Structures are given as C-alpha cells and as structure tokens.
Amino acid sequence: MKKAKKKFKVGDDIYVPTSLYLSHGEDDFHGGLCKIIGIGEEHGWKWVRVKERPTTKYGYDGLIEEQKKLKKES
C-alpha cells in the first residue's frame, strides 16, 4: 500500500532547493528548511511561497516529491 503524501499548509516548514545562477550570482539562493507563507493555484498549477524567498513560487507537487532528497542535501 502506497504511503499518503503529507499535506502542507501555511506555517509549516518545507525543504526547498538551492538555486544558483552563473550570469547573476546576486540572485543565488541556498535552499534548505523554509517556512511556508502562501499556497495557491493558478491555471491548474499548485504553488508554494516561502518566507525566506517570498517572490518565488515553487511547484507544490514537485516539492512534496523531493522532500526526502532535499532534506538530505541541507
């Protein structure tokens, strides 16, 4: 039987990936454990915003799938 995926809500902690940019390093972001400040949906795409990087929307489903991997990397 497949284990149910955790349902995240605003205020929960979630792991997000690191983002590095060769041409503009000032936008680099070291991923890790972050606080969810928003969850929404647009055009059938569910997203998450975090306190540590509030202008970026992360794909909700992709983050859930990657939680174990992202936790190991942080």
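Biologist: In which sense do S1 and S2 pair?
Modeller: Strands are DSSP runs of E with at least two residues, and helices are runs of H or I with at least four, numbered from the N terminus. Two strands pair if DSSP finds at least two bridges between them. S1 and S2 have 4 bridges, and their sense is antiparallel.

Biologist: What kind of model is this?
Modeller: Residues are numbered from 1 along each chain as its sequence is written, and side-chain values use heavy atoms, with hydrogens and water left out. Local features need pLDDT of at least 70, side-chain atom pairs count only at pLDDT 80 or more, and totals for chains, interfaces and linings use all residues, for the model is predicted.

Biologist: Which residue in the turn between S2 and S3 has a positive phi?
Modeller: S2 and S3 run antiparallel, joined by 6 bridges. Gly-38 stands opposite Arg-49 in S3. The two strands make a hairpin with 2 residues between them. The turn residue with a positive phi, about 55°, is His-43.

Biologist: Which strands do the buried residues of H1 pack against?
Modeller: Buried means under 20% relative accessible area, exposed over 50%, and partly exposed in between (1.4 Å probe, protein chains only). In H1, the buried residues are Tyr-60, Leu-63, Ile-64, Gln-67 and Leu-70. By contact (heavy atoms within 4.5 Å), they pack against S1, S2, S3 and S4.

Biologist: At which residue does H1 bend?
Modeller: The bend is the angle between axes fitted to the seven residues ending at a residue and the seven starting there. For H1 that angle is about 60°, and the residue is Gln-67.

Biologist: Is Lys-68 buried or exposed?
Modeller: Lys-68 sits in helix H1. Its C-alpha atom is 8.7 Å from that of Tyr-15, 53 residues apart along the chain. Its relative accessible area is 73%, so Lys-68 is exposed.
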